[in-house]
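Have a look at the model first, then read on.

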Amino acid sequence: MLISPAFAQGAGGAAGGADMLTSFLPLILIFVVFYFLLIRPQQKKQKEHKAMLAAVRRGDKIVTAGGIIGTVAKVVSDEEVSVEIAEGVKVKVARGMISNVLSRTEPAKGGSDADNKADDKKTDEVKKD
């Protein structure tokens, strides 16, 4: 009872900054773990899906979010594609609702003139042999 309560509480004030850091350290570590295990892989998957949707072209076999499997008959716009789900049955599907591309078609010839000239040279060489 010789020491007043105010004096006893004031002695621990010098180490208050270190105590605050140790209390926030678990929260910082949890955020870092969440970033590397949840947020970053989700962003990577989302980027791959967006690239897949941008590369969809006529003739690709796709699966919609509803589970319908069909072949892309026509790319109508940036937002929708026409999908043939049965012989003679075509439906318009929002491009964002495509969940997977099962098989891709080869791009049609008709690129740059340099590519076409190189292909012509190859066919000429084959004909000479």
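How many residues sit between β2 and β3 in their hairpin? Four residues lie between β2 and β3 there.

## What you're looking at

This is a predicted model, so to speak: local features need pLDDT of at least 70, side-chain atom pairs count only at pLDDT 80 or more, and totals for chains, interfaces and linings use all residues. Residues are numbered from 1 along each chain as its sequence is written, and side-chain values use heavy atoms, with hydrogens and water left out.

## Overall layout

The protein chain has three helices and five strands, and going along the sequence they come as α-α-β-β-β-β-β-α. Helices (H or I, at least four residues) and strands (E, at least two) are DSSP runs, numbered from the N terminus.

Of its 129 residues, 12% count as buried, meaning under 20% relative accessible area with a 1.4 Å probe, protein chains only. The accessible surface (Shrake-Rupley method, 1.4 Å probe) is about 10,700 Å², with 61% of that belonging to carbon and sulfur atoms.

Strands β2 (residues 69-75) and β3 (residues 80-86) pair antiparallel over four bridges; a pair needs at least two bridges found by DSSP. Val72 has Val83 in β3 as its bridge partner.

β3 also runs antiparallel to β4 (residues 89-94), joined by six bridges. Here Glu84 stands opposite Lys90 in β4. This hairpin has two residues between its strands, and Gly88 in the turn has a positive phi of about 85°.

Definitions and conventions. Buried means under 20% relative accessible area, exposed over 50%, partly exposed in between (1.4 Å probe, protein chains only).
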